[in-house]
Structures are given as C-alpha cells and as structure tokens.
Amino acid sequence: KGMVDEALVDFNRLIPVAEKFNDYNIIAIATYYIALALEAKGFDELCLQKLRETSELAQRQHCQSIVMQAETVRARMQMKAGRQDVAERILDDWYREFSLML
C-alpha cells in the first residue's frame with residue numbers, strides 16, 4: 001500500500017471517532033484530506049464532491065478557514081478541468097462570503 005492509500009484509511013477511521021465526540025471541525029478536516037488523497041489517486045470528481053462536503057460541514061460549524069481552503073482547492077480543480085465559469089462562480093461566492101473577514 002502507498003502513502004496515499006494509508007492516508008485514506010487513517011482519515012476514514014478518524015471520522016467515526018470524531019463523530020463520537022461531536023467534533024465536526026475534525027470531520028471537515030478529515031474529509032478535506034480525503035479529498036486531497038482522492039485527487040492524488042486521480043479521482044477528481046469524487047474529490048470535488050468531498051471538497052463540497054468539507055465546505056458544507058465547516059460552514060455549519062462557522063469555521064471559515066476550512067471553508068476558504070476547500071473552496072480555493074475546488075476553484076483550482078475546476079480551472080484545471082477547463083471549467084472557468086464554474087471556478088469563477090466558486091470564487092465569486094467565496095469573495096461575497098469572506099471579503100470582509102481578516
């Protein structure tokens with residue numbers, strides 16, 4: 001097994017533990033790293049889905065830094081895939097949501 005596969009196993013194990021403690025920020029972080037591992041394995045669409053889940057979880061927890069990172073990666077992936085309009089929409093939403101948060 002490679003490092004990416006091991007990371008997927010570890011982060012998937014972490015989620016039920018975090019659920020027991022109702023630590024949804026940890027779940028969002030684990031989901032984010034699962035997404036990155038899926039991207040590394042070439043599963044771009046599944047990665048995008050996990051990034052969306054990350055954003056939704058983090059937004060419900062009011063954890064803007066996790067949302068900002070997940071949305072930045074989503075926009076980058078959309079641009080890489082040639083979907084400039086989708087990337088622009090993500091960035092516009094991101095800007096509307098976070099432009100005044102320093």
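The model is predicted. It holds nine salt bridges and three aromatic pairs.

**Helix α3**
- Helix α3 comprises 17 residues, 44-60, and spans 24 Å from its first C-alpha to its last, close to the 24 Å expected at 1.5 Å a residue.
- Its buried residues are Cys47, Leu48, Leu51, Thr54, Ser55, Leu57 and Ala58, and the elements covering them include α2 (24-40) and α4 (64-80).
- Just after α3, His62 adopts a positive phi of about 60 degrees.

- Glu53 and Lys50 form a salt bridge of 3.5 Å, N to O.
- Both residues belong to helix α3 and sit three residues apart, about one turn of the helix.
- Glu53 is partly exposed at 27% relative accessibility, and Lys50 is partly exposed at 22%.

**Salt bridges between helices**
- A salt bridge joins Glu71 and Arg52 (3.5 Å, N to O).
- Because Glu71 lies in helix α4 and Arg52 in helix α3, this pair ties together parts 19 residues apart in sequence.
- Glu71 is buried at 8% relative accessibility, whereas Arg52 is partly exposed at 34%.
- Glu39 pairs with Lys80, their closest N and O atoms being 3.3 Å apart.
- Glu39 is in helix α2 and Lys80 in helix α4, so the bridge ties together parts 41 residues apart in sequence.
- Glu39 is buried at 15%, while Lys80 is exposed at 56% relative accessibility.
- Salt bridges link Glu39, Arg76 and Lys80 in a network.

**Aromatic residues**
- Tyr32 and Tyr33 pair edge-to-face, with 5.1 Å between centres and 75 degrees between planes.
- Tyr32 is buried at 10% relative accessibility, whereas Tyr33 is partly exposed at 38%.
- Phe11, Tyr32 and Tyr33 are linked by ring pairs into a cluster.

How values were computed: Residues are numbered from 1 along each chain as its sequence is written. This is a predicted model: local features need pLDDT of at least 70, side-chain atom pairs count only at pLDDT 80 or more; totals for chains, interfaces and linings use all residues. Side-chain values use heavy atoms; hydrogens and water are left out. Rings of Phe, Tyr and Trp (its six-membered ring) pair if their centres lie within 6.5 Å; planes under 30 degrees apart count as stacked, over 60 as edge-to-face and the rest as tilted. Buried means under 20% relative accessible area, exposed over 50%, partly exposed in between (1.4 Å probe, protein chains only). Helices (H or I, at least four residues) and strands (E, at least two) are DSSP runs, numbered from the N terminus. The expected span of a helix is 1.5 Å times one less than its number of residues. Contact means heavy atoms within 4.5 Å. A salt bridge is a side-chain nitrogen of Lys or Arg within 4 Å of a carboxyl oxygen of Asp or Glu.
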